[in-house]
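Hi,

Here is the structure I promised to pass on. Have a look, and my notes follow below.

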Amino acid sequence: MSNSVFRKKSISKILADVASGFSDAEHTGTHLKKELNVRDLTLMGIAAVVGAGIFSTIGVASFEGGPGVTILFIITAITCGFSALCYAEFASRIPVAGSAYTYAYASFGELIAWIIGWDLLMEYAIGNIAVAISWSEYFVNLLEGFNIHMPQYLTMDYFTAFRAHESVAQLTASGHLADITDSMKAHAMAWTNAPGFGNIKLIANIPALAIVIAITYLVYIGIRETKKATNAMVYLKIAVVLAVIVIGFFYVTPANWHPFLPNGFSGVMKGVSGVFFAYIGFDAISTTAEECQNPQRDLPRGMIYSLIICTVLYVLIALVLTGMVSYKDLNVGDPLAFVFKQVGLSKISYVISISAVIATASVLLIFQLGQPRIWMSMSRDGLLPKAFSRIHPKYHTPSFATIVTGFVVAIPALFMNLTEVTDLTSIGTLFAFVLVCGGVLLLPRESAHKGRFHLPYINAKFIVPVLFVAGMVGFWKPITELFSGENAHENFPMFLFILLAAVLTVLAFIKNLSLIPVLGLMSCFYLMTQLGYTNWLRFLIWLVIGLVIYFTYSYKNSKLGKQI
């Protein structure tokens, strides 16, 4: 059983299947169009990264960590950089759609490939739902600026309105009127004004539904149209971000940068979910490998260029934000617009609101582009029904998978309020990064090919053991405290990290492992430990559901299994 479950698909077979037209389950001979160059890929990476993070989650992260949040952006960028280099190594060897799923199939085998594919479906779907809801909030605020007022029951989710209605009724009955917030009143009013019968009310987030439908249609009709729309949106939002940095610089008060770490390093790390959520997405461009003109050369460059550009922008924005106002005032959902209002520049604040609508739409566009291509790759291998790998004869896109993705995102976005999606999305992304970095360690070392990226080899034999010993000595007290307290079991992610670090240290010394993927694996897993016990449980439950589907359907229908 174990041999068949962990059966690997060789790189040569993956490339041969794609070349022979295996990309279409119906074998119509229809292929994806090769439209993308390194500039397009770089802009797609920026489109996926510069979005909801820079316009929203950066505020909460700055509130938690103070000006020192810039350190977290650099730490996260280095972590993502290690992963990006590993993605680039795989992309240069396996230039096909599927991203980490395909890479895991070649390195770890089928079961791990299924797990990472299932994980990526969760990451993209929940991330898309969150971005759609975020876009709806920005869009409604933008309409308010034009004195266009949508009924509130058509701009929010059912359960938020219901809970607000119940809370207001209870607080009113108990005489605690001072505890009723303005937000609670507004949401309760939406419930009261919504049409319906009794407790069955028509309350739904229509703007979120509309943007998902529009983006899904754009992705459905072709990669060229998606590319043009993405490039236009990226140029605009980069111009706005640069303008914010330049104009904001003149309103910086250096005294606001002191103290630099008001809540210590632990305070900085509290923002890890929001900051990492700002970075996820650069890997989405690896799903477009079959639509690249020269994937072996351009995919690695696109990922690395976009990561470097976004890191510089994030660090500068964080410094400007925490310099313009005190970090204590940044616990807001629209920090960029907020700081300019604070210094009396309301018109610039309005321009930022417009760019936020465009920025979040571009993120949704890239994620909606990536998810169907992962489903397509899993379908090719028989792990999902063959309809998911059907290529549209006119538009040359994975048509059925794109439509299903639209439904999977649009319906929850219409009715759900996801307050903790950034944590769940981040843990899924980090898990993908862990497996990609680990997969590179299993690849045979090859000499560099002309025109292809090749991960530089640095022997980890002595470096990793020194880092491990230094870490154990420097953090001995916090490590021993993990075993004390009533809820010590909630520290199991950190126990796993220590065990993983110890195993990797031994393997690095014995097998002369490559340093970059080892550091990438360890740093990504460490960030996973910072996302909380509850999110680990939710993530594990999702993986268990995936395993049930694998053993009841995918294992029996695997094309590789039928060939063995």
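At what angle do helix α19 and helix α21 pack, and how far apart are their axes? The angle between α19 (residues 463-474) and α21 (residues 492-511) is about 150 degrees, and their axes are 8 Å apart. (Axes are lines fitted to C-alpha atoms, for helices over the stretch in contact, and angles run from 0 to 180 degrees between N-to-C directions.) The two helices are therefore roughly antiparallel, the word used for angles over 145 degrees. On the α19 side, Val464, Pro465 and Phe468 make the contact (heavy atoms within 4.5 Å); facing them in α21 are Ile498, Ala501, Ala502, Thr505, Ala508 and Phe509. Eight of the residues in this contact are nonpolar, one is polar and none is charged (Ala, Val, Leu, Ile, Met, Phe, Trp, Tyr, Cys and Pro count as nonpolar, Asp, Glu, Lys and Arg as charged, and the others, Gly among them, as polar).

A caution on reading this: it's a predicted model, so local features need pLDDT of at least 70 and side-chain atom pairs count only at pLDDT 80 or more, while totals for chains, interfaces and linings use all residues. Residues are numbered from 1 along each chain as its sequence is written, and side-chain values use heavy atoms, with hydrogens and water left out.

As for the whole chain, there are 24 helices and two strands (DSSP runs numbered from the N terminus: H or I of at least four residues for helices, E of at least two for strands). Of its 564 residues, 57% are buried, meaning under 20% relative accessible area with a 1.4 Å probe, protein chains only.

Cheers

Terms used
Angles under 35 degrees count as roughly parallel, over 145 as roughly antiparallel, 65 to 115 as roughly perpendicular and the rest as oblique. Buried means under 20% relative accessible area, exposed over 50%, partly exposed in between (1.4 Å probe, protein chains only).
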